[in-house]
Amino acid sequence: PRSTLFPYTTLFRSHHAAHPKAGKPDSHSDLILATAVIDRVAKALEALIASFLALMGIMVFGNVVLRYGFNSGITFSEEISRYVFVWLTFLSAVVAVKDRTHLGMDTVVELMPPAIRKTFGLASNVLMQIATLLLLKGCWIQMEINMGTKSPVTGIPVAIVYLAGVVASVLIVFLLIRDLYRLLLRKGTA
């Protein structure tokens with residue numbers, strides 16, 4: 001079962017609709033607008049992930065058929081498949097953070113009183129932001145180091161691989177800041 005620690009979307013939509021000032025801009029309407037934008041970006045990422053997966057499957061399968069059936073192959077297939085797989089992994093991590101589908105151990109936390117659950121939620125969010133910022137820093141450094149290095153077959157800069165980590169880290173930090181903001185807006189309990 002999904003964690004009940006962060007059931008935000010319905011909470012803020014119902015709160016926004018129940019208040020007479022719902023039409024005026026406030027932090028709740030800004031949050032709902034941000035959520036709508038995030039949902040659209042996530043849909044685009046999901047489409048991109050699906051197309052990357054299809055591209056990878058076609059290239060690898062085509063290369064296998066050409067190798068064993070015709071004793072030839074697509075020279076750039078393995079390299080492009082590897083790069084696409086790295087991008088697919090990082091973009092999937094962004095979607096997983098957005099949907100809160102990463103593996104989590106919340107059995108003990110769920111047994112705690114609501115105020116302690118909120119404290120654990122805050123600590124967890126801050127720790128995830130720190131880890132993601134470290135990933136961002138490392139990927140940025142590697143991207144700069146490998147900017148002049150070209151891949152052997154296609155000649156694509158190797159920095160493209162590390163750019164996937166930079167893009168994913170920035171998006172994940174944005175999502176975590178939004179989640180932290182939601183958590184802080186909640187009154188008293190989680």
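Me: What should I know about the model before reading any values?

Reply: This is a predicted model, in which local features need pLDDT of at least 70 and side-chain atom pairs count only at pLDDT 80 or more, while totals for chains, interfaces and linings use all residues. Residues are numbered from 1 along each chain as its sequence is written, and side-chain values use heavy atoms, with hydrogens and water left out.

Me: How many helices and strands does the protein have, and what makes a stretch count as one?

Reply: The protein has six helices and zero strands. Helices are DSSP runs of H or I with at least four residues, strands are runs of E with at least two, and the numbering starts from the N terminus. Read from that end, the elements go α-α-α-α-α-α.

Me: Why are α3 and α6 called roughly parallel?

Reply: Helix α3 covers residues 77–99 and helix α6 covers residues 159–185; they pack at an angle of about 0°, with their axes 9 Å apart. The axes are lines fitted to C-alpha atoms, for helices over the stretch in contact, and the angle between N-to-C directions runs from 0 to 180 degrees. Angles under 35 degrees count as roughly parallel, over 145 as roughly antiparallel, 65 to 115 as roughly perpendicular and the rest as oblique. The two helices are therefore roughly parallel to each other.

Me: Which residues make the contact between α3 and α6, and what classes do they belong to?

Reply: Contact means heavy atoms within 4.5 Å. On the α3 side the residues include Tyr83, Trp87, Phe90 and Lys98, and on the α6 side they include Ile160, Gly165, Leu171 and Arg178. By class, the contact has 17 nonpolar, one polar and two charged residues. Here Ala, Val, Leu, Ile, Met, Phe, Trp, Tyr, Cys and Pro count as nonpolar, Asp, Glu, Lys and Arg as charged, and the others, Gly among them, as polar.

Me: Why is Arg178 called buried?

Reply: Buried means under 20% relative accessible area, exposed means over 50%, and partly exposed lies in between, with a 1.4 Å probe and protein chains only. Arg178, which is in helix α6, has a relative accessible area of 8%, so Arg178 is buried. Its C-alpha atom is separated by 10.0 Å from that of Ile38, 140 residues apart along the chain.

Me: How do you know that Asp179 and Arg178 make a polar contact?

Reply: A polar contact is a pair of N or O atoms within 3.5 Å; within protein, one must be able to donate a hydrogen and the other to accept it, and residues adjacent in sequence count only if both atoms are side-chain atoms. The contact here runs from the side chain of Asp179 to the side chain of Arg178, at 3.2 Å. Asp179 also lies in helix α6, and its relative accessible area of 2% makes it buried.

Me: Is Ile177 buried, partly exposed or exposed?

Reply: Ile177 is in helix α6 and has a relative accessible area of 44%, so Ile177 is partly exposed. Gln129, in helix α5 (residues 114–145), counts as buried at 14%. Leaving out residues up to four places away in sequence, Gln129 touches Leu176, Ile177 and Leu180.

Me: What makes a nonpolar core, and which residues touch the most other members of the largest one?

Reply: A nonpolar core is a set of buried Ala, Val, Leu, Ile, Met, Phe, Trp, Tyr and Cys residues joined through side-chain atoms within 4.5 Å. The largest has 19 residues, and Phe52, Leu91 and Val94 touch the most other members. Helices α2 (27–70), α3 and α6 each supply at least two residues, and α3 gives the most, with eight. Not counting residues up to four places away in sequence, Leu91 touches Leu45, Leu48, Ile49 and Phe52.

Me: Why is Leu88 called buried?

Reply: Leu88 is in helix α3, and its relative accessible area is 11%, so Leu88 is buried.

Me: Why is Arg100 called partly exposed?

Reply: Arg100 is in the loop between α3 and α4 (107–110). Its relative accessibility is 36%, so Arg100 counts as partly exposed. Its phi is near 60°, a positive value in a residue other than glycine.
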